[in-house]
Amino acid sequence: MGDHFQTIVDLDATAADAPRLAERVLGVLVAEGVVLPERTDGPFGQYLPGPHWHKAAGPRDTDWAPTDGLTAHTGRTVFHGGQGEAEWARCPRCTATIRLLTDEYDWIDAAWEPYERAMSRWRETGEAAVTCPGCTAAVPLAEWTWAGDYYAFGSLGFEFWNWPELGEAFRGLVADALGGHRTTLVWGKF
Ligand SMILES: [Zn+2]
């Protein structure tokens, strides 16, 4: 079956704020009994499920317990969906859809290259844009949408390994602990 993850990515946190916000969210999750307070060194998450892990699960998905833990990532990170790739990117201004893979799942190098370059620049500086071939606007990397919500760009992410599908209420709890920041969910397998 492999291992799967779900990462709640904070889209608003700065790299400077991320460690403090991570502590705050971990504090809430420990207080709620969702994760245990002790930090472990397992390959799949540092904070193991607590007695009330089910608070994190959606209403349809509480019949199996998580088998691994939670890792909080701080610092500028290109969060992505693991195995596979984004088949396309879409411009938020003109909705042009730029195919990044062929039907045979080969890279379309000329299409992918500007995004790849922008991702490196974003990792280094926190800012990058890709010129849309449709409307010629320089669109910030973080504003593009991706097939399967494959990418998210942020400085804080909470990565749950082998947990049931995270519920809306739980994602709301995390967003509240983040001071109402916008969040998105990236998921995938390894
Ligand atoms: Zn466009």
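How many aromatic pairs does the count come to? By the ring rule, it comes to 15 aromatic pairs; rings of Phe, Tyr and Trp (its six-membered ring) pair if their centres lie within 6.5 Å.

Before you click around, a quick word on the model. It is predicted, so local features need pLDDT of at least 70 and side-chain atom pairs count only at pLDDT 80 or more, while totals for chains, interfaces and linings use all residues. Residues are numbered from 1 along each chain as its sequence is written, and side-chain values use heavy atoms, leaving out hydrogens and water.

**Stop 1: the two domains**

Colour 4-77 + 154-189 as domain 1 and 86-149 as domain 2; these bounds come from an automatic or database domain assignment. Their centres, taken over C-alpha atoms, are 27 Å apart. Five residues from domain 1 and six residues from domain 2 make the contact (heavy atoms within 4.5 Å). Between them the domains bury about 410 Å², with 51% of it on carbon and sulfur atoms. Buried area here is the accessible area (1.4 Å probe) that two parts lose on being put together, summed over both.

**Stop 2**

Now show the strands (DSSP runs of E, at least two residues, numbered from the N terminus, as are helices: H or I, at least four). Look for an open, antiparallel sheet in the order S2-S8-S1-S9. S2 (70-80) and S9 (183-189) are at the edges with a single partner strand each, so one side of each has no neighbour in the sheet. From one strand to the next, the twist averages 30°.

Select S1 (residues 4-10) and S8 (residues 151-161): six bridges join these antiparallel strands, and strands pair if DSSP finds at least two bridges between them. Thr-7 stands opposite Glu-159 in S8. Axes are lines fitted to C-alpha atoms, for helices over the stretch in contact, and angles run from 0 to 180 degrees between N-to-C directions.

**Stop 3: the three-strand sheet**

Next comes an open antiparallel sheet with the order S4-S3-S7. S3 (residues 88-90) pairs with S7 over two bridges, and Ala-89 faces Trp-146 in S7. Helix H2 (residues 109-125) lies across S3, S4 and S7, at about 100° to S4.

**Stop 4: the rings**

Finally, show side chains for one aromatic cluster, whose members include Trp-107, Trp-112, Trp-146 and Phe-153.

How values were computed:
Rings of Phe, Tyr and Trp (its six-membered ring) pair if their centres lie within 6.5 Å; planes under 30 degrees apart count as stacked, over 60 as edge-to-face and the rest as tilted.
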